[in-house]
Amino acid sequence: MSQGPRSGLAAVSSALLAMSRHLEVRDVLKTIVASARELLDAQYAALGVPDDHGGFAQFVVDGVSDAQWKAIGPLPRQHGILAAMLREAKPERLADVRKDPRFEGWPSAHPDMSDFLGLPIRDGDEVIGALFLANKNCPKPEGSCGFTEEDEELLSILAQHAAIALTNARLYERSRELTIAEERSRLAHELHDAVSQKLFSLRLTAQAAAALVDRDPSRAKGELHQVAVLAAEAADELRAAVVELRPAALDEDGLVATLRTHIQVLDRAHAARVTFAGRGVRALPATQEEAVLRVAQEALHNALRHSGAEHVDVTLDRRGGGAVLRVTDDGGGFDPQGIRRAGRHLGLVSMRDRASGVGGALTVESAPGKGATIELEVPGG
C-alpha cells in the first residue's frame, strides 16, 4: 500500500487529509496504519483497538500480505510491549524489540521485526488504541534503532489526529445505529398499534367463518367477506408504514439530486473514486424512485466495501417513460452463480425483490477479476 518515504509538512498534511476522508471505523483504522507506515518509511505498521477482555476488538496491519496474515493466526492478546503501551500510555522506541525483557515471542508465521516505534492513541485520559511501526527502511548500525526522535514526534502528531478521526468515526457509526434503532422502534410501535389489532380481528373472524361453514353457510359467507375487508385494511396500514420510510430527500429534491448528493458523500468518504451522471431522467412514481435509490445504495455498498474497486461509476439514463440505473466498478468481481450456490447474496436477492416489486428488471454482470455491473431498469408511471 505504501509507495516509499515522504517527509515534511506536505506528507503530514496528506496523511491527515486521508484520515479525514473516511467515516467508518474500519476504513479509518486502515488509513491511519497505511499513512503511518508511508510517512515514516517502515516495513510494517499495525494498529490495535483494545477490548475489555485482554484482547483486541480490531487489529489492522499494513505491510503484511493476506496470506501471511492468515498464517499468523488469531488476533494478538494484550501482552508484552503492546500491554505496556496500553497500560502505561507512553511511547516505546526500541533498537531491537526481540531483546526487550517484555518480549514474549511471536507465532511461527509472524514476520521478523527488529527496531520498533510504538505510541498509544489517546482520547483524553482513555487509551483507545496502540499504533506501532517496525523495521525502518534505512541503514542502521548494529544495536541501534532506525527510528529517530523526529520520527517519534511525527508519529505523535499522527496519533493525536488519529484519535480525533477514530472518535469521529465511532460517533458517526453510533449515530447511524441510533437512527436505525429509533426508526425500527417507531415502525414496530406503529405496526403493533395499527396492524396487529386488525390481524387479530382477522384471525377471530376467520375462525368464526370456519365454525359456521357447515351449519350456517350464509353467515359463513358474510364472515369471509369481513375477512377480506380486514385483510385489505391491514395491507393498507402496512403500505402506509412502508411509505413513511421513503427517504425525505426524495420528496424534497427528487431522485437525480438525491443520488448525486449521496454519491458525492461516498466519494469524499472512500478512497475509491465514485462518479455520477444523470441524463434526461424525468420524475418517476414514488415507488420506482425509491427502488432505484435503494438498489443504488446496495450496489454501491458492495462495490466500496467488498470489491476493492478504485473507480465506481453510477449512471441514470432515461429509457422510454422509465429509467435505467447502472452501477459499474473495476473491483475484483465475483461469480454470480457461485455466490448463489454458496448461500451468499451480496444483497442481490433484496435488489431483485425491489426490481420485481415495481415491475422492473435487474441484471448482474460480473466475473472474478473483471469488476461488476449492476443494472436496474424500471418503467415509468
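1. First, the ground rules. This is a predicted model, in which local features need pLDDT of at least 70 and side-chain atom pairs count only at pLDDT 80 or more, while totals for chains, interfaces and linings use all residues. Residues are numbered from 1 along each chain as its sequence is written, and side-chain values use heavy atoms, with hydrogens and water left out.

2. Strands here are DSSP runs of E with at least two residues, helices are runs of H or I with at least four, and both are numbered from the N terminus. Two strands count as paired if DSSP finds at least two bridges between them.

3. Two of the pairings are worth a look. Strand 6 (residues 273–279) and strand 7 (residues 311–319) are parallel and share seven bridges; Arg273 has His311 in strand 7 as its bridge partner. Strand 8 (residues 322–329) and strand 10 (residues 372–378) run antiparallel, again joined by seven bridges, and Arg326 is partnered by Glu375 in strand 10.

4. Which hand does the β-α-β unit of strand 6, helix 9 and strand 7 have? With helix 9 spanning residues 286–306, the unit is left-handed. For reference, a crossover is right-handed if, with the strands pointing away from the viewer, the path from the first strand over the helix to the second runs clockwise.

5. The largest nonpolar core has 37 residues, and Leu259, Leu316 and Leu325 have the most contacts inside it. Such a core is a set of buried Ala, Val, Leu, Ile, Met, Phe, Trp, Tyr and Cys residues joined through side-chain atoms within 4.5 Å. Its largest share, nine residues, comes from helix 9. Leaving aside residues up to four places away in sequence, Leu259 touches Phe276, Val292, Leu293, Ala296, Leu316 and Leu325, where contact means heavy atoms within 4.5 Å.

6. There is also a second, separate core of 29 residues, which includes Val25, Leu29, Phe147 and Ala159.

7. Buried means under 20% relative accessible area, exposed means over 50%, and partly exposed lies in between (1.4 Å probe, protein chains only). The buried residues of helix 4 run from Gly80 through Ile81, Leu82, Ala83, Ala84 and Met85 to Leu86. They pack against strand 1 (42–50), strand 2 (56–62), strand 3 (92–94), strand 4 (116–123) and strand 5 (126–136).

8. Which residues would I check for backbone angles? Ala89, in the loop between helix 4 and strand 3, has a phi near 55 degrees, a positive value in a residue other than glycine. Asn135, which is found in strand 5, has a positive phi near 65 degrees. Asn135 is also buried, with a relative accessible area of 10%.

9. Finally, Ser156 sits in helix 5 (residues 149–212) and is partly exposed, at 26% relative accessible area. Its C-alpha atom is separated by 8.8 Å from that of Pro120, 36 residues apart along the chain.
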